[in-house]
Amino acid sequence: MLTKSQPDEIQSFLADSSHVSGGFAERVIFPETAEEVAEVLRDATRNQTSVTISGAGTGTVAGRVPFGGIVLATDKLNRIKQIVHDDENGGRAIAESGVRLGDLQRAVESEGLLYPPDPTERSCFLGGNVATNASGARTFKYGPTRNYVERLKIALATGDVIDIRRGALHAEADGAIRIPLSSGRSIETRLPTYRMPQVRKHASGYYVAPGMDELDLFIGSEGTLGVILEVEVKLLPKPKGLLSGVVFFSSEADLLAFVREARKRSLANRGTSPTVREDSAIDARAIEYFDVESLRFLRQKYETLPTEATGAIFFEQETTVSTEDSLMTEWLSLLEVHNALVEKSWFATNEADQARLREFRHALPVLMNEWFARHNQRKVSTDMSVPDEAFAGMLRFYEDSLRGGNLRYTIFGHIGDNHVHVNILPRDDDEAARAREIYHTFIRRAIDVGGTISAEHGIGKLKREYLLELYGEEHLREMAEMKRAFDPAGILGRGNMFSEEFL
């Protein structure tokens, strides 16, 4: 089993995309089999050595940043074991946790299949996606990673390896759970008693629901309950075609009215039975937002953006040869009703043009990262999602808190799911302190209206104080108590989700 301990060899495993500094570890271990992972964990539990699980390092909340102990890197658990066509409705794939998402998606698409979860960073590992219940633009139609996980093989801190299939184990009505082990023993514990926020996207703390499938407990657990070794996912048929657009508006009111109508019509069409569903009706798989400040930022690269535009929407809808023209007509009609700048907007139906629109969508984070590098600052970025009825007020609160000040910012993201990212761009330490104060007011407002503090990035080490605000100390102690049932020595993911004092 490969082990590295020299500082220059392990430096890249002591950080992630959060840019939190100061990480340190004794060594990094690279197991290649489930048995080797189990051996590492047994030894760590016996010696009470903390273990930080390392994926691709694309996380933004410092979950991979270790502060002592060892790092267990999943890089060599990188095989796609099987891709199977089940029937005309899709198939399934079995892959190890260190497989990169982009590699898995390319492999299944070559088989005429689709794995829907699409976080922005496609170099992430599949295991990390499961550990954070990752989502992305297509979540508006398809939901997060959780919806596609059918089976997990997991190594526990004790060295036990469990293999759980969806539908096999369920929590009792009183929250009791029991997971049998191959040794004949079983893990018995209770779920926390909090109620999760009723939002479209949620990645804050352990998943808890009455009578829940026990598989769901590990999805979104951020490496605190076990090491994901292997994942079996559900696949869908690959869409025949795609219509996408970047459409500009000169009025924010018109833009928001367009979003409400497009979302309403999409959700209504999905709610009908397949026998009466209209193939030529609007059914977006992605609805993404760019505010006026985002467009100002993007003009550094795209000088031809309409000068009168105060916002833009990126949308996608799947098509067939027979529906492509009628769907284009439907979207154009809806856009004209809501006074979009149709003649200055961009549309795509072929792969080359769609790639250019996706490049536009992903250009903003790249430009902002360049800004932070120039100013030697870390971005302050929200990841909150709120219920449908609270979103308009939440967006106004964001804007009212930032407009008129001298802090630069952008607001963009998954407006179809009531989940936009507010990025505050400090130029010096004083602005960074003000940005963090404003961020905290956003957190409190999201909680007050029934929202979640993290919709897709997870909690990690950066947001654990806000998880305490969301659920309270009693419920975090319940989370810690449940973790102890799986990890008696508290070695896994120390400092992630909640501070060590709760253990």
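Met-497 sits in the segment after α13 (473-486), where helices (H or I, at least four residues) and strands (E, at least two) are DSSP runs numbered from the N terminus. Before I go on: this is a predicted model, in which local features need pLDDT of at least 70, side-chain atom pairs count only at pLDDT 80 or more, and totals for chains, interfaces and linings use all residues. Residues are numbered from 1 along each chain as its sequence is written, and side-chain values use heavy atoms, with hydrogens and water left out.

Back to the residue. Phi of Met-497 is near 75 degrees, a positive value in a residue other than glycine. Most residues other than glycine have a negative phi. Met-497 is also buried, with a relative accessible area of 0%; buried means under 20%, with a 1.4 Å probe and protein chains only.

The next case is Asn-418, in the loop between β18 (408-414) and β19 (419-425). Its phi, near 55 degrees, is positive too, and Asn-418 is not glycine. Is Asn-418 buried or exposed? It is buried, at 2% relative accessible area.

Now the cavity, meaning a set of points on a 1 Å grid over the protein atoms alone where a 1.4 Å probe fits but cannot get out. The count is one cavity of 30 Å³ or more.

Note on methods:
On a 1 Å grid over the protein atoms alone, a cavity is a set of points where a 1.4 Å probe fits but cannot get out, and a pocket is an open set with protein on both sides within 12 Å along at least five of seven lines; lining residues have an atom within 4 Å of a point. Grid points are joined across faces, edges and corners, and a volume is the space filled by probe spheres set on the points. Buried means under 20% relative accessible area, exposed over 50%, partly exposed in between (1.4 Å probe, protein chains only).
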